[in-house]
Amino acid sequence: MMLTHLETCRVEIPLNKPFKTALRTLETVTSIQVKLTAENGLSGYGAASPTVVITGDTADSIEAAIQEIWLRIKGKSLDDWDTLMTIVQRGIVGNTSAKAAVDIALHDLKAKALGVPLYKMLGGAKRQLSTDMTVSLDTPEVMVEDARRAVDKGFKALKIKLGNDSEMDLVRMKAINSVIGNRAAIRLDANQGWSRKEAVTTILKMLDAGIEIELVEQPVVSHDFEGMKYVTNNVPIPILADESVFSYRDAVRLVQMEAADYINIKLMKTGGIEPAMRIASFAEEFGIKCMIGCMMEGPIGIAAATHFGCARAQVSFADLDVPSMYKTELNIGYKSSKGLMVPAEGPGLGLESCENPDEISKILF
């Protein structure tokens, strides 16, 4: 089944309120959509979102890189799968988001050709994921209200964004804890915002204040593996590596150094589903739990992450709450309700099986 056509388009998705972290503030999600068509007329969809402060990819660079990848796979057969995957990952250096967009489209197309949902083609370990809800970085009062609202909506875990001021972070967490208590698991995400010693001091102060913490994500800058190891060795809370793990090599190095307890897999970091599967398999060999996470992405990217997360037993946590932040609900390729993410049962990503045609028209070509 030869690949004959590629189309791209750019979609802007408004958020219901600004999303703030230690690294950036967003009011809309930008999604670069990809449609790959084979000679028999079957099409597969993928998408990427620019996250300059993490992947280094802009919307323009993603679109340009997608075209470079297309020049290398145009006319190739879907049946020559290993060759396609090699070309996508090695045909261009970096550009992981663009690679992810094409990789996702190819996986969607392959699963459609087989007539099965993508999550089943990849392993089918489970039928749903329980995602946390992110509490955006803000004043303690605003964060308390956001946390309360999320728990009232049924979310069983909260990811609290911190990292721009360790003293204020402690104030924020005391305020949140006084209201939320044990109604939801608490996960912290410093987004690389602390130094290694600051991270240890801040986490221990929170524990001394009686705040129960399930895990702490990426406390130090991404390249500081020694710093990650220092934090991991000096706090009794599991440390989750996010920006430190883009590739299989990063995962191997992290595990060999015993620098973190868990790994956060994001398709925009890894370059798509194929390399993400390799990281998950490696983690499984060493008993390392994984989270399936996402950038601020559109529904096609979220659908791909949901299918991947349900495919692999090693994925023990999920951070796929972006659909809850859209101004308009978009359940395409998944269903999102009260913290549960369920992949569509249609072939591939199941985008076309959406119950609301108006939602499809907003996203697909």
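Close-up 1. Arg 148 is partly exposed, at 32% relative accessible area (buried means under 20%, exposed over 50%, partly exposed in between; 1.4 Å probe, protein chains only). Glu 145 is partly exposed too, at 34%. The two form a salt bridge, with the closest N and O atoms 3.4 Å apart (a side-chain nitrogen of Lys or Arg within 4 Å of a carboxyl oxygen of Asp or Glu). They sit 3 residues apart in helix α5 (residues 140–152), about one helical turn. Helices (H or I, at least four residues) and strands (E, at least two) are DSSP runs, numbered from the N terminus.

This is a predicted model: local features need pLDDT of at least 70, side-chain atom pairs count only at pLDDT 80 or more, and totals for chains, interfaces and linings use all residues. Residues are numbered from 1 along each chain as its sequence is written, and side-chain values use heavy atoms, leaving out hydrogens and water.

**Close-up 2. The network around Glu 145 and Arg 148.** Salt bridges link Lys 17, Glu 145, Asp 146, Arg 148 and Arg 149 in a network. The salt-bridge count comes to 24.

**Close-up 3. A pair within helix α1.** Glu 68 forms a salt bridge with Arg 72; the closest N and O atoms are 3.2 Å apart. Both residues lie in helix α1 (residues 59–73), 4 residues apart, about one turn. Glu 68 is partly exposed at 36%. Arg 72 is partly exposed, also at 36%.

Close-up 4. Lys 269 forms a salt bridge with Asp 242, the closest N and O atoms being 2.8 Å apart. The pair links distant parts of the chain, 27 residues apart. Lys 269 lies in helix α10 (residues 267–270), and Asp 242 in the loop between β9 (239–241) and α9 (248–257). Lys 269 is buried at 1%. Asp 242 is buried at 1%.
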